Amino acid sequence: MTKIRSIVVATDFSPGSEIAVERAVQLAAEHDTSLHLLHAFDVGAWHSLKGVFDAQRITADPPPDVRMQQRLADSAASLAAQTGLKVEAQYGRGAPETVIDSHVKAHATSVVVVGSRAEPTLLGLGGTASKVLRSPACPVLVVRTVGTRCYDKVLTAVDLREGSLRAATLGLGLFPAAHHHLFFALDPALDRSLWIGGLGKAHIELLHGSMHAQAQRDLQSLARDLTRHAAHPVGAELVDDVPSRAVVARAAAWPADCVVVGHHGEGKGAQRFLGNMAQHVLHYTSRDVLVVP
């Protein structure tokens with residue numbers, strides 16, 4: 001299983017980031033690892049504010065970046081005193097997604113924890129979370145639910161490709177105390193593509209049955225392999241449905257505390273983006289989501 005070396009949690013002191021900090025503290029304590037409390041002071045946003053509000057009032061001493069650094073240091077010290085964890089205050093200047101990416105690449109980071117948005121009760125993603133997930137340098141846990149206890153139920157969306165296998169393994173390593181369930185939705189679009197290709201109904205049904213049986217065998221084999229490292233037997237389920245819709249519905253029905261998905265991004269660098277299934281889950285589930293690149 002993956003060794004969790006350090007955890008970074010991004011904070012802007014909004015309600016959404018506060019619950020992300022709570023979850024990051026729980027994970028750091030569970031894995032006995034260090035916690036980096038990271039704040040990015042966005043200079044561009046600050047200059048925009050100065051153009052809107054009373055410049056003299058909002059530039060009064062001490063400067064806002066100094067106040068933020070002090071608030072961050074105080075928060076880190078308070079968390080360390082309350083939890084006994086090693087908590088480091090990390091401050092950067094620039095766009096949050098750039099600061100987070102630079103920090104991750106400069107340190108041995110196992111996972112980044114971010115709030116889904118400033119107001120966590122709303123579905124979807126805020127701007128920072130969306131940009132961080134565009135091309136993540138390490139797994140990212142998007143938090144939108146309040147809670148300090150370990151996750152009890154973790155649903156992992158798999159398609160048996162390398163990315164989803166990596167996601168399943170990382171999810172088990174990061175949430176070792178949870179009940180894990182592998183969920184594979186076999187997209188009906190595969191049948192439609194065979195039909196468009198000119199195959200007859202009988203031939204399509206034969207191929208579908210073969211794919212279904214093989215996927216079931218591979219899924220059960222993966223569940224058995226993961227169970228050897230798990231606190232509880234790992235479940236496995238195969239359905240015929242559109243993956244994005246099926247994962248959100250299954251997470252709500254179980255109900256899962258967290259959903260694990262692979263990034264499956266396309267493109268390179270700044271042009272990279274999440275796969276359709278991961279995007280749909282992030283925007284429509286009410287659960288926390290771990291995205292594994």
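Start by selecting Ser244, Ala246, Val247, Val248 and Ala251, the buried residues of α10. Buried here means under 20% relative accessible area, exposed means over 50%, and partly exposed is in between (1.4 Å probe, protein chains only). Helices (H or I, at least four residues) and strands (E, at least two) are DSSP runs, numbered from the N terminus.

A word on what's on your screen: this is a predicted model, where local features need pLDDT of at least 70 and side-chain atom pairs count only at pLDDT 80 or more, while totals for chains, interfaces and linings use all residues. Residues are numbered from 1 along each chain as its sequence is written, and side-chain values use heavy atoms, with hydrogens and water left out.

**Around α10**

Now show what α10's buried residues pack against: β6, β7, β8 (235-240), β9 and α11. Zoom in on serine 244, which sits in helix α10. Serine 244 is buried, at a relative accessible area of 15%. Which residues does serine 244 contact, leaving aside its neighbours within four places in sequence? Pick Met277, His280 and Val281; contact means heavy atoms within 4.5 Å.

**Over to α11**

Next, select Met277, Ala278, Val281 and Leu282, which are buried in α11. Why are they on the same side of α11? They cover an arc of only 130° around the axis, and that puts them there; the arc is that of the directions from the helix axis to the C-beta atoms. As a general point, an α-helix has 3.6 residues a turn, so residues three or four places apart point the same way. To see what covers the buried residues of α11, colour elements including α6 (127-134), β5 (140-143), β6 (153-157), α10, β9 (258-262) and β10 (288-292).

**The second largest pocket**

Select Asp159, Arg161, Pro243, His264 and Met277: of the 22 residues lining the second largest pocket, these lie nearest its centre. On a 1 Å grid over the protein atoms alone, a pocket is an open set of points with protein on both sides within 12 Å along at least five of seven lines, a cavity is a set of points where a 1.4 Å probe fits but cannot get out, and lining residues have an atom within 4 Å of a point. The second largest pocket holds about 480 Å³ of space; grid points are joined across faces, edges and corners, and a volume is the space filled by probe spheres set on the points.

Highlight β7 (179-186), α10 (243-253) and α11 (276-284), each of which supplies at least two residues of this pocket's lining. β7 gives the largest share, four residues. By type, the lining of this pocket has 11 nonpolar, seven polar and four charged residues. Ala, Val, Leu, Ile, Met, Phe, Trp, Tyr, Cys and Pro count as nonpolar, Asp, Glu, Lys and Arg as charged, and the others, Gly among them, as polar.

Select Thr156, Ala168, Leu172, His180, Leu182, Leu226 and Val234, which line the largest cavity. The elements giving two or more residues to this cavity's lining are α7 (162-174) and β7.

**Last stop**

Zoom out to the protein chain, with its 11 helices and 10 strands. Of the chain's 293 residues, 44% count as buried.
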